[in-house]
Amino acid sequence: MKALKDLIDNKLMPPFKEGGKLHKFWPIPDSLDTFAFVPGHVTKSGSHIRDGIDMKRTMFMVIVALIPCLLFGMYNVGYQHYMAMGVTATFGDMFLFGALKVLPLVIVSYGVGLGIEFIFCIVKSHAINEGFLVSGMLIPLCMPVDVPLWMVGVATAFAVVIGKEVFGGTGMNILNVALTARAFLFFAYPTEMSGNKVWINTAGDGKPVDGYTGETLLAKATTTPVSEFTDTAGNAYASVNASFMDAIYGFVPGSVGETSVIAILIGAGLLLWTGIGSWRIMLSAVAGGAVMGLIFNLVGPAYFPDNTFLALPWWYHLAIGGFMFGVVFMATDPVTASQTASGKYIYGFLIGFLAILIRTVNPAYPEGVMMAILFMNVMAPMIDHYVIEANIKRRMNRLKVKTA
C-alpha cells in the first residue's frame with residue numbers, strides 16, 4: 001500500500017496540483033487517491049472526530065454487500081437460458097454465459113454514470129461524488145438481462161442528471177437514483193422492461209422447449225393458482241413449497257440481481273453488521289408487506305374468488321419479484337429515506353404495504369416495490385417533519401407539567 005500511495009502522490013498527482021498543466025482535471029486522480037486511502041482532511045476550527053470510515057468506505061461496503069447478488073445473477077442468467085433451451089450445461093458454462101450478458105450492463109452503467117459525474121466535477125471544480133459507486137451497481141442488477149445497452153446508458157444519464165445533479169449532487173437527491181433509472185425505462189420503453197420476453201435470454205442454441213413461456217412468478221400469479229406454477233421449462237412443481245424454495249434460492253426468471261433471497265440476505269447481514277443499513281426500515285417493510293398480503297388472503301377468496309393473485313400466500317409475496325432487493329438495498333438509501341427513528345418504522349412499513357397493494361391491485365405495475373419506494377422517498381421529509389413536531393409537543397407538555 002505504501003508503494004501505491006507513493007505512486008499516486010509523487011508520480012500521478014503533481015501535474016494535477018494547483019499551477020500544474022492538468023489542474024482543471026484534478027477530480028480524476030483525486031477520486032483514485034481518496035478511494036484507495038482515507039484523506040487526511042480535518043475541520044478548520046472547533047472540535048471534530050476523525051474516523052477511518054468515510055463516505056467512500058461506506059459506499060465500498062455496500063458494493064461488497066451487492067456482490068453475492070451480482071455473482072448469483074450471472075449464474076442464474078445462464079441457468080435460465082440453458083433450462084429454457086433444454087440444453088444440459090455445466091456450472092462453468094452457465095456462469096460464463098451469464099457473465100458475458102451481465103458484465104456489459106455493469107460496464108455501461110459505470111461508464112456513463114461516472115463519465116457524467118467527472119464532467120460535473122470538472123465544471124464545478126469539486127471532488128468526485130461517491131454516491132454513484134453504489135448506484136452504478138444497483139442499476140444493472142434491477143434490469144432485465146435482455147435490456148439493450150443503449151437504453152441502460154440513456155437511463156443512467158437521465159438518473160444522474162435529472163435525478164441527482166439538478167438537485168446539487170450526492171446527498172441532495174430526493175429520489176433513489178437507481179430506481180429513477182428503472183422507472184425511466186419502465187415508462188419510456190415498457191416493452192423492454194416488462195412482459196414475458198425480457199427476463200430470459202434465448203438467443204442461439206435453437207428454440208426454447210415446449211411449455212416455455214418466459215413468465216416470472218409474479219406474472220404467473222396473476223393468472224394461475226400457486227399450486228399450478230411451473231418452472232422455466234414448463235415442468236409443474238411438486239408442491240407449493242417447492243416453487244417457494246426456488247424463489248428463495250433464486251432459480252426463477254427476474255431482474256439480474258433480484259431473484260435470490262439468500263444472496264440478498266447475505267448482503268443485508270453485512271449492511272446490518274457494519275451499521276450501514278437500517279434494521280428499522282428493513283424489518284418494518286417486511287412487516288408491512290406481510291400485513292398487506294395477509295389482508296388480501298383473508299378478503300380475496302371470500303369476495304373475489306376468481307382473482308388468483310389475492311389468494312397468493314402472504315409469505316410468497318415477500319420472496320418473489322424485487323421486493324426483498326428493494327427493501328434491503330433501495331429503501332434503506334440514507335439520502336432518500338426517513339432520518340428519524342420513529343419515521344423509519346412508518347416509512348418502511350408503508351413501503352412494504354404499498355408494494356404489495358400496487359402489484360396486486362394493478363397488475364400493470366407488477367413491480368410495485370419500485371413505485372412504493374419512489375413514492376415514499378417523496379413522503380420521507382413529511383414523515384420526519386411530523387415525527388419531530390410530535391416530539392417537540394411531548395417535551396413541551398412535560399415542561400408544562402414540571403413548571404405547573
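Ile276 is partly exposed in this predicted model, because its relative accessible area of 27% falls between the 20% and 50% limits. The residue sits in the loop that joins α10 to α11, and, once neighbours within four places in sequence are set aside, Ile276 is in contact with Thr58, Met61, Val62 and Leu271. Although Ile276 and Met59 are separated by 217 residues in sequence, their C-alpha atoms are 9.2 Å apart in space.

Gln80, by contrast, is buried, since its relative accessible area of 2% is under the 20% limit. This residue belongs to helix α3, which covers residues 55-85. Apart from neighbours within four places in sequence, Gln80 is in contact with Ile200, Thr232, Phe251, Val252 and Pro253.

**Helix pairs**

Two packed helices are described by the angle between their axes together with the distance between those axes.

| Helix pair | Angle between axes | Distance between axes |
|---|---|---|
| α3 and α4 | about 125 degrees | 7 Å |
| α11 and α13 | about 155 degrees | 9 Å |
| α10 and α13 | roughly 15 degrees | within 10 Å |

Helix α3 and helix α4 (residues 91-124) pack at about 125 degrees, and they are therefore oblique to each other. The crossing of α3 over α4 is right-handed. From α3 the contact draws on residues including Ile63, Leu70, Leu71, Met74 and Tyr75, while α4 contributes, among others, Phe91, Asp93, Met94, Phe95 and Lys101. Sorted by class, the residues of this contact of α3 with α4 comprise 17 nonpolar, 3 polar and 2 charged.

Helix α11 (residues 279-303) and helix α13 (residues 323-330) pack at about 155 degrees, an angle that makes α11 roughly antiparallel to α13 because it is over 145 degrees. Their crossing is right-handed. On the α11 side, Met282, Ala285, Val286 and Gly289 meet Phe323, Met324, Val327 and Val328 of α13. This contact of α11 with α13 contains 7 nonpolar residues and 1 polar residue, with no charged residues.

The axes of α10 and α13 cross at roughly 15 degrees, so α10 is roughly parallel to α13, the angle being under 35 degrees. The crossing of α10 and α13 is left-handed. The residues that make the contact are Val261, Ile264, Leu265, Gly267, Ala268 and Leu271 of α10, with Met324, Phe325, Val328 and Phe329 of α13. By class, the contact of α10 with α13 has 9 nonpolar residues, 1 polar residue and no charged ones.

**Helices α11 and α14**

Helix α11 has 25 residues, and its first and last C-alpha atoms lie 36 Å apart, close to the 36 Å expected at 1.5 Å a residue. Its buried residues are Ile281, Met282, Ser284, Ala285, Gly288, Gly289, Ala290, Met292, Gly293, Phe296, Asn297 and Gly300. The elements covering these buried residues of α11 include α10 (261-273), α12 (314-317), α13 and α14.

Helix α14 (residues 341-361) has 21 residues, which should span 30 Å at 1.5 Å a residue, and the 30 Å between its end C-alpha atoms agrees with that expectation. Its buried residues are Gly343, Tyr347, Gly348, Ile351, Gly352, Leu354, Ala355, Ile356, Arg359 and Thr360.

Terms used
Residues numbered from 1 in each chain as written. Predicted model: local features only at pLDDT ≥ 70, side-chain atom pairs only at ≥ 80, totals over all residues. Heavy atoms only, no water. Helix = DSSP H or I, 4+ residues; strand = E, 2+ residues; numbered from the N terminus. Expected span 1.5 Å × (residues − 1). Buried < 20%, exposed > 50% of the residue type's maximum accessible area, 1.4 Å probe, protein only. Axes fitted to C-alpha atoms, helices over the stretch in contact; angles between N-to-C directions. Parallel < 35°, antiparallel > 145°, perpendicular 65-115°, else oblique. Left-handed = near helix turned anticlockwise from the far one by under 90°. Contact = heavy atoms within 4.5 Å. Nonpolar A, V, L, I, M, F, W, Y, C, P; charged D, E, K, R; others polar.
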